[in-house]
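Welcome! Here is a short briefing to read alongside the sequence and the 3D view.

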Amino acid sequence: MVQVKVELGCDSYTIYVGSGSLLLLNELKTSMRLSSTALLITDETVGALYGEQVVQMLEQAGFQVQIKTIVPGEESKSLSAAEEIYTKAIAMRLDRLSPIVALGGGVVGDLAGFVAATYMRGVPFIQIPTSLLAQVDSSVGGKVAVNHPLGKNMIGAFYQPKMVLIDPAMLDSLPERELATGLAELIKHGLIRDSRLFAELEQDYAAVWQKDKALFTRLISRSCRIKADVVQQDEKETDVRMILNFGHTIGHAVEKATNFAYSHGEAVAIGMYGAALISRDVGLCSQQTVEQVCGILQKYRLPLQVRGCTAGQLAAYLLRDKKAINGKINWVLLTGIGSVVVRNDIPEQIVLSAIAQIILEP
Ligand SMILES: O=C(O)C(=O)C[C@@H](O)[C@H](O)[C@H](O)COP(=O)(O)O
Ligand SMILES: [Zn+2]
């Protein structure tokens, strides 16, 4: 099992990656001096696959467990879904030392984390991510949030988990499209910080599609290490953490403008292509780098262009980007494979030209 430590003072925690990582639940109660009631939050799909196993493990560890099962999908990342969970937590007398355990993908983790951060001003939070996207990205770093009708992740907090338990075997049940969505964030980590990871992803795609466990243990822990390094330097995203937003400025606009017809990773893939075009057009990277970005996204069956919205709609959502300060968007742009810069001085014409290239006619 690989351990990745996230050093954040008294909010430090360890990410465990490998088969058998869930067995660490056994030590949870004693190692963290928790109360004996635990709330497990999962969705219908993941709950049916792994819910019973995780409940049993928590019970063996000495917890009385209740489960809240949500409907899978982005719509569940809402204030009303959070309110239902608060109601359940109050009814079951969850106290300030009772853990909330998230078992699922990014939606479950973000919603459960948001509730953990706010219920009684914060209760212990454990992440058991089951999708590749959650394993390589969203379960690490403490961003928790729900959506607002006017924008994604608009209401949230930075709230670190106490522990992240990742078993790559859980990817066996993951559909191909979901695997690709997680690969988009892995590719992002290669593009922003690690040209070797990028090269490995370029080479090993056959083993990736076969869900090779040893390869995934390596890729996931490498990805968590990259994210942990960035988050350790800038937990609250005032500076270097912005680079994790590569592809997300356009990506979030694509998700909203198409009413989530594209998965998060698909939207981020389109956003990374758009950002690569902007990077080239302002002279930060070469055409060859743009082609490498296109090449890897296509290899992993990720889209480069969006259908189902207009350039005007995309531009309107871009202006609501929550990384914009005084109306200026902070663009994360490529200077080559493995390195990025943040720029807020990109001419509108260059942005509009990139948008025109990523829109497909209906
Ligand atoms: O952890 C971060 O920081 C990220 O930006 C990672 C992103 O991949 C992730 O999608 C995150 O939830 C986006 O956050 P947001 O602040 O852009 O809503
Ligand atoms: Zn993301």
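Over residues 69-180 of this predicted model, the chain is 34% helix and 27% strand, and the end C-alpha atoms are 25 Å apart. That stretch carries the UniProt annotation "domain: 3-dehydroquinate synthase N-terminal", from an unreviewed entry. Helices (H or I, at least four residues) and strands (E, at least two) are DSSP runs, numbered from the N terminus. UniProt positions follow the numbering used here, with feature names shortened, and annotations may be inferred rather than shown by experiment.

**How to read the model**
- Residues are numbered from 1 along each chain as its sequence is written, while chains are lettered from A and ligands numbered from 1 in the order in which they are written.
- In this predicted model, local features need pLDDT of at least 70, side-chain atom pairs count only at pLDDT 80 or more, and totals for chains, interfaces and linings use all residues; side-chain values use heavy atoms, with hydrogens and water left out.

**Around ligand 1**
- Oxygen atoms of ligand 1 lie 3.1 Å from a polar side-chain atom of Glu185, 2.9 Å from an N or O atom in the side chain of His248 and 3.0 Å from a polar side-chain atom of His264; a polar contact is a pair of N or O atoms within 3.5 Å.
- On its own, ligand 1 has 430 Å² of accessible area (Shrake-Rupley method, 1.4 Å probe), and the protein covers 93% of that.

**Binding sites in the UniProt record**
- Under "binding site", the unreviewed entry lists Glu185, His248 and His264.
- These three span 80 residues in sequence, yet no two of their C-alpha atoms are more than 10.2 Å apart, so they gather at one spot.
- Glu185 belongs to helix 6.
- The unreviewed entry also lists Gly106, Val107, Val108, Gly109, Asp110, Thr130, Ser131, Lys143 and Lys152 under "binding site".
- Gly106 is part of helix 4 (residues 106-118).

**Backbone angles to look for**
- Most residues other than glycine have a negative phi.
- Asn153, in strand 8 (residues 151-158), has a positive phi near 55 degrees.
- Glu237 has a positive phi too, near 60 degrees, and sits in the loop between helix 9 (213-233) and helix 10.

Methods
A polar contact is a pair of N or O atoms within 3.5 Å; within protein, one must be able to donate a hydrogen and the other to accept it, and residues adjacent in sequence count only if both atoms are side-chain atoms.
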